[in-house]
Amino acid sequence: MDRWKERLRASLAAPIAAQERYLFNELNPDLVQSPILKEPPRKPREAAVLIGIRATDDPTVIMTLRAPTMPSHAGQISLPGGTPKEDDDGLIGTALREMDEEVGVPPDAVDVLGHFGPHHGGLGYVVTPVLGIVDPDTEVIACPREVSEAFEVPLRSLADPENHIIEERVFNEVTYNMFAVPVADSTGAHRNIWGLTAGILHTMAKAYHA
């Protein structure tokens, strides 16, 4: 087995892999909620995403730029994912279905390794990241209704702790911090991944090197 596959499988046994992370609170312990919200969320909204790693010589993570018309996280870089539906086979089933719907990668093209613990963002979502290896011959086709663009980022870049930073932002005169990963994608284009998605990738990077 390739070394990177061995490390991914081993990463799921790392202590951080099972942790329930409250990402906004980790970086902003003095704030009750994100300044973007008028009041704290009454109940977390459950979702799942797929960290789908294409098994090429230089493995890449499949990511999306969400369409500007999406009701949540419009225009943001994200991992394929969404909220559960009644027919899903648990949250892993949700992540696989969303991967198929958003970028055309069918469930049978993904070898699911497991999942990380729940990740709470600053806007009321609690997301379970599912980790899977994608057949390298699978074509990625963005669904235009949900995704403006599908692209891939080298795993080596996202797994490098040196590429993970904390960004300071201001909203309504309130300063707050968020996770970010400014990296180049597989074509060399600059991508600034931030927020909940960056926090999930931060967990993957820490677990990968545990």
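I36 lies in the loop between α2 (23–27) and β2 (45–54). Helices (H or I, at least four residues) and strands (E, at least two) are DSSP runs, numbered from the N terminus. At 41% relative accessibility, I36 counts as partly exposed. Buried means under 20% relative accessible area, exposed over 50%, and partly exposed in between (1.4 Å probe, protein chains only).

This is a predicted model: local features need pLDDT of at least 70, side-chain atom pairs count only at pLDDT 80 or more, and totals for chains, interfaces and linings use all residues. Residues are numbered from 1 along each chain as its sequence is written, and side-chain values use heavy atoms, with hydrogens and water left out.

I36 also belongs to a nonpolar surface patch with L123 and F171. Together they have about 230 Å² of accessible area. Such patches are made of residues with over 30% relative accessible area and no salt bridge; like charges are joined within 9 Å, nonpolar side chains (Val, Leu, Ile, Met, Phe, Trp, Tyr) within 5 Å. Accessible areas come from the Shrake-Rupley method with a 1.4 Å probe; for residues, only the protein chains shown count as cover.

Strand β8 covers residues 125–134, and ten of its ten residues are buried, so the strand is largely enclosed by the rest of the structure. Both faces are covered. One side holds Y125, V127, P129, L131 and I133. The other holds V126, T128, V130, G132 and V134.

β8 pairs with several strands; two strands pair if DSSP finds at least two bridges between them. With β2 the pairing is parallel, over ten bridges. Here R45 stands opposite Y125. With β6 (residues 110–115) the sense is antiparallel, over five bridges. There D111 faces I133 of β8. β7 also pairs with β8 in the antiparallel sense, over two bridges. These two strands form a hairpin with four residues between them. In the turn, G124 has a positive phi of about 100°.

H120 lies in β7 (residues 119–120) and stands opposite V126 in β8. H120 counts as buried, at 11% relative accessibility. Contact means heavy atoms within 4.5 Å. Leaving aside neighbours within four places in sequence, H120 is in contact with residues including E20, Y22, F24, Y125 and L196.

**The sheet of β10, β11 and β12**

Three strands make an open sheet in the order β10-β11-β12, with antiparallel pairing. β10 (165–171) and β12 (190–194) stand at the edges with a single partner strand each, so one side of each is left without a neighbour in the sheet. From one strand to the next, the twist averages 40°. β11 (residues 174–184) and β12 share five bridges. P182 has N192 of β12 as its bridge partner.

Helix α5 (residues 196–208) lies across β11 and β12 and runs at about 90° to β12. Axes are lines fitted to C-alpha atoms, for helices over the stretch in contact, and angles run from 0 to 180 degrees between N-to-C directions. T197 is found in α5 and is buried, at 11% relative accessibility. T197 touches M63, I77, S78 and L79, not counting residues up to four places away in sequence.

S157, in helix α4, is buried too, with a relative accessible area of 13%. S157 and P182 are 25 residues apart in sequence and 9.5 Å apart in space, C-alpha to C-alpha.

**Salt bridges**

Side chains of opposite charge can pair when their charged atoms come close. A salt bridge is a side-chain nitrogen of Lys or Arg within 4 Å of a carboxyl oxygen of Asp or Glu. By this rule the count comes to twelve.

| Pair | Closest N to O |
|---|---|
| D111 and R9 | 3.2 Å |
| E149 and R191 | 2.6 Å |

The D111 pair links distant parts of the chain: D111 is in strand β6, R9 in helix α1 (residues 3–11), 102 residues apart. D111 is partly exposed at 39%, and R9 is partly exposed at 37%.

E149 lies in strand β9 (residues 147–154) and R191 in β12, so their bridge ties together parts that are 42 residues apart in sequence. E149 is partly exposed at 30%, whereas R191 is buried at 11%.

R169 is partly exposed at 24%, and E167 is buried at 17%.
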